[in-house]
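Hi everyone, thanks for coming. Let me put the protein up on the screen, and then we'll walk through a few parts of it together.

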Amino acid sequence: MKYGILVDITRCIGCYACEEACAERWGNPITEEHRLSAIQNTAVEDHDGIYVPRLCMHCEKPTCASVCPVGAFQKTKLGPVVYDPLKCLGCRYCIQACPFNVPKYQWNKLNPKVTKCDMCYERIQKGGVPACVEACPAEARTFGTREELIEEAKRRINENPETYYPHIFGLKEAGGTSILYLADRPLNKLGFKVNLPEVPLSHFTEQIMSKIPNYIFWGGTLLFGIWWITKRRDEVQRLQKKLKEMEENNKKGNGK
């Protein structure tokens, strides 16, 4: 059973209660920037008076997990995509690969890690709901199984066609996500990337990453070959020099 969150942008009132609850959950300071950052894992963006909650999309087949060489990211059976900082190498492939530009990096830390929402995974494991959902007074965020949320989104669209743009964002984008969106207009007008393929992007990144061990092997073999040839050439030059010196010494000895 996979859980998710349905975000209804038409209901968000911009109170930022979700940001405060998220900051408390992570022990981060409350900021006035209202954008995703290394200290803010959920944010409410203001698009000319329309408030747009943003957080990790928790992809069904996450690209961040597919490019991570050490398995620091994992799609759990409950839905959230979680991150293990103890495994992280700091390569930041996840940041470059994410189609939603979500993971952030702690550039100002001596031991920096990647930060992002984990949908309050520990809470879900204990039967609870994410802090942002619990804190929202306008019920702009609904927690449930992905199947339940899809049905609820369809119901709202069908019963209120004058209110909603007829599209559930996250249903198929990038292979589908656990965070779903409803709005009264196309989401490209609210800062979202909408030209994403329905095929999971991890399908492409996994093909590339699977070849990396071969690149490492042949690259290492090539470098070793270059080193061996260079070392061998130096040895030959030293031997030739030594033979030349012996030959000159022999000539001098015979001259006497």
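So, how many helices and strands are there in the protein? There are seven helices and nine strands, where helices (H or I, at least four residues) and strands (E, at least two) are DSSP runs, numbered from the N terminus.

Quick housekeeping. This is a predicted model, so to speak of local features we need pLDDT of at least 70, side-chain atom pairs count only at pLDDT 80 or more, and totals for chains, interfaces and linings use all residues. Residues are numbered from 1 along each chain as its sequence is written, and side-chain values use heavy atoms, with hydrogens and water left out.

Buried is under 20% relative accessible area, exposed is over 50%, and partly exposed is in between (1.4 Å probe, protein chains only).

Now look at strand E2, residues 42–47. E2 runs antiparallel to E3, and six bridges join the two; strands pair if DSSP finds at least two bridges between them. Thr42, for instance, has Leu55 in E3 as its bridge partner. The two strands form a hairpin with two residues between them, and Asp48 in the turn has a positive phi of about 55°.

And is E3 enclosed or open? Five of the six residues in E3 (residues 50–55) are buried, so the strand is largely enclosed by the rest of the structure.

Last stop: Tyr93, in helix H3 (residues 93–97). Tyr93 is partly exposed, at 39% relative accessible area. Leaving aside neighbours within four places in sequence, Tyr93 is in contact (heavy atoms within 4.5 Å) with Val67 and Pro69.
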